[in-house]
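Me: I would like to go through the charged side-chain contacts here and set each label against its definition.

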Amino acid sequence: DYQNLESVELNFYRMDLELLFSRTPFLMDVSGQFSVIRPNATQVVKLAKGKASRAIAIPREFAKVNTMVEVVGIGQRKAKPYYPNTMTVQMIEAYGQIKVTQAGGRKPLSTVYVKVYARQQGGKVVFFKDGYTDLRGRFDYASVSTGDVGQVERFAILVLSDTAGAVVREAKPPAR
């Protein structure tokens, strides 16, 4: 019962997002993968009685790092990924493209790495393609020379920049 909860423990785990995405592209609830390792940092947070929520600032050392934040209290664990980024990723599903720009601006971000997995009919997950955004900040995630897009039910897309952070999205294949 959260109303009697006086404090919670926060655990912070740095993530190698590309590795985690490659292992489970459609299951980005990767919290279970952290249950057997020691957190990079832990803090205890006191809670006000009867309050259902409280905002907590991410510690400075994790502010610019892909991090799994785990909350532990009353015998329960809940985890959520934190992906800091300074980019906007626009999904253009009708054409199977994404457009990556600076957050709050219109400047396209070129040479941003994009990795795509596809869940095919029947549930099989396969690597689909990867590459970099062009000068317009665009990347075509649905086109491949083999024409295999007809078997795709859903795409999982990782957008990863050395300077602007990371974003994970899912998308339907474009209509034929």
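Predicted model: local features only at pLDDT ≥ 70, side-chain atom pairs only at ≥ 80, totals over all residues.

Reply: Residues are numbered from 1 along each chain as its sequence is written, and side-chain values use heavy atoms, with hydrogens and water left out.

Me: Why is the contact of Lys115 and Glu18 called a salt bridge?
Reply: The term requires a side-chain nitrogen of Lys or Arg within 4 Å of a carboxyl oxygen of Asp or Glu; the N to O distance for Lys115 and Glu18 is 3.3 Å, and the pair therefore qualifies.

Me: What makes this pair of Lys115 and Glu18 tie together parts that are apart in sequence?
Reply: Lys115 belongs to strand 7 (residues 113-120) and Glu18 to helix 1 (residues 17-23), so the parts joined are 97 residues apart in sequence. Helices (H or I, at least four residues) and strands (E, at least two) are DSSP runs, numbered from the N terminus.

Me: How do you know whether Lys115 is buried or exposed?
Reply: Buried means under 20% relative accessible area, exposed over 50%, and partly exposed in between, with a 1.4 Å probe and protein chains only. Lys115 has 11% and is therefore buried, whereas Glu18, at 27%, is partly exposed.
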